[in-house]
Amino acid sequence: MDLDARILITGQCGWVAGAVARRLGAAGFSHVRVVLPGEVGLTRAAAVERVLFQERPEYVFLTTGRGEAGSDQAVRESMAVQANVIHAAWRADVRKLCFLASSRIFPAGALPPLREGALLTAVVEPGEGSEALAQMAGIRMCQVYRRQYRFDAISMVPDELYGPGDGEGARAGVVAALVQRLYRARRVGAPQVSVESHPARAWLHVDDFADAALFLMRRDGGEMPINVDGGEAPAFADLARMVAEVVGYAGRLVFDASAAQPPRTVAEGLRLNNMGWAPCMPLRQGVEQVFAWSRRGVAPVVA
């Protein structure tokens, strides 16, 4: 990839798009355009084609949204956006497309760690079927366009993402929600906080995910979806105590085991690691970034 290459970042996830834009800017790329649904109706094929043919990007990063589980509107929109962008990118002679899926696509019943090639072999997580199936359709579409048209489309599936820009309230990820909750508890002087237990999982900073996307955009990724391993996977109680230290909450943490969730399948990133990539953001430093961002006021982080 030349530093003056035309690059388009689009899709439904503003905070991931922002991380990719920051990474490209830090690498010295000078022609980067971010197009999100608020600017262009990505569910409309004509609007997407118009943007692709006007911008004529050489490379496209396509993000997927963290939709509302079970929502028919969310699955319709996700499938429409993915289909429109992948098809228009092929028609506009884009050199390469990278589809950035989410960890919610991981199937239940697959033995952890989840290896490449096992993604589509088991049922999806209970309660998240529509969202996962929409993303699987995006991955399948990349594979079909590679085989049928020799279009260089790759897909990536991360471990659990966290980082600055990760939503508020019900739409926040686990780390962002925990940071926001314990910071509020500190401000009101709450003596204790009940914390819902979560199974241990590997945490991947959104900037590391963006770095992996750029790494793979410069290489031959093949047609199989590529796992991106986050590295550190502490027990959730240890993570919660780390967050409490970072935000300065000195009260008692009470862990609610009755609400514990089933173990979550994690990615095995050996293929990507063997290619020479590894995450570099220490978990504590990443949590500190989330806290700093939340104190400034939550809003999408788009470069």
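**Close-up legends**

View 1. S78 lies in helix α3; helices (H or I, at least four residues) and strands (E, at least two) are DSSP runs numbered from the N terminus. This is a predicted model, in which local features need pLDDT of at least 70 and side-chain atom pairs count only at pLDDT 80 or more, while totals for chains, interfaces and linings use all residues. Residues are numbered from 1 along each chain as its sequence is written, and side-chain values use heavy atoms, with hydrogens and water left out. S78 comes out as buried, since its relative accessible area is 9%; buried means under 20%, exposed over 50%, and partly exposed in between, using a 1.4 Å probe and protein chains only. Leaving aside residues up to four places away in sequence, S78 touches Q12 and A134, a contact being heavy atoms within 4.5 Å.

**View 2. The whole protein, for orientation.** The protein has nine helices and ten strands. Of its 303 residues, 53% count as buried. Take the contacts with a separation of 6 or more: 84% of them come from residues 24 or more positions apart.

**View 3. The six-stranded sheet.** Reading across the open sheet, the order is β2-β1-β3-β4-β5-β9, and the pairing is parallel; two strands pair if DSSP finds at least two bridges between them. At the edges sit β2 (31-35) and β9 (226-228), each of which pairs on one side only. Neighbouring strands here are turned by 20° against each other on average, direction ignored. Inside the sheet, β4 and β5 run parallel and are joined by four bridges. For a spot to look at, find C98: its bridge partner in β5 is I154.

**View 4. Helices α1 and α2 on the sheet.** Helix α1 (residues 14-27) lies across β1 (6-11), β2, β3 (59-63) and β4, and runs at about 165° to β1. Helix α2 (residues 45-55) also packs on the sheet, where it touches β1, β2 and β3, and its direction makes about 165° with that of β1. Angles run from 0 to 180 degrees between N-to-C directions, and axes are lines fitted to C-alpha atoms, for helices over the stretch in contact.

**View 5. Where α2 meets α3.** These two helices pack at an angle of about 40°, with their axes 9 Å apart. That angle makes α2 oblique to α3; under 35 degrees would be roughly parallel, over 145 roughly antiparallel, 65 to 115 roughly perpendicular, and the rest is oblique. On the α2 side, the contact uses A45, V48, E49, L52 and F53; α3 brings N84, V85, H87, A88, A89 and R91. Sorted by type, the residues of this contact are seven nonpolar, two polar and two charged. Ala, Val, Leu, Ile, Met, Phe, Trp, Tyr, Cys and Pro count as nonpolar, Asp, Glu, Lys and Arg as charged, and the others, Gly among them, as polar.

**View 6. Where α5 meets α9.** The axes of helix α5 (residues 174-188) and helix α9 (residues 283-296) come within 10 Å and cross at roughly 60°. That makes α5 oblique to α9. The crossing of α5 and α9 is right-handed. V175, A176, V179, Q180, Y183 and R186 make the contact from α5, and V287, V290, F291, W293, S294 and R295 make it from α9. Eight of the contact residues are nonpolar, two are polar and two are charged.

**View 7. Strand β7 and its partner.** Strand β10 (residues 252-256) runs parallel to β7, with five bridges joining them. Q192 stands opposite R252 in β10.

**View 8. Two loop residues with positive phi.** Most residues other than glycine have a negative phi. D93, not a glycine, has a positive phi of about 65°. D93 is in the loop between α3 (72-91) and β4 (96-100), and is exposed, with a relative accessible area of 62%. R150 is not a glycine either, and has a positive phi of about 55°. R150 lies in the loop between α4 and β5 (153-158), where it is exposed at a relative accessible area of 79%.

**View 9. A132 in helix α4.** A132 is found in helix α4 (residues 129-149). A132 is buried, with a relative accessible area of 0%. The C-alpha atoms of A132 and S102 are separated by 8.6 Å, and the two residues are 30 residues apart along the chain.

How values were computed
A crossing is left-handed if the near helix is turned anticlockwise from the far one by less than a right angle, and right-handed if clockwise.
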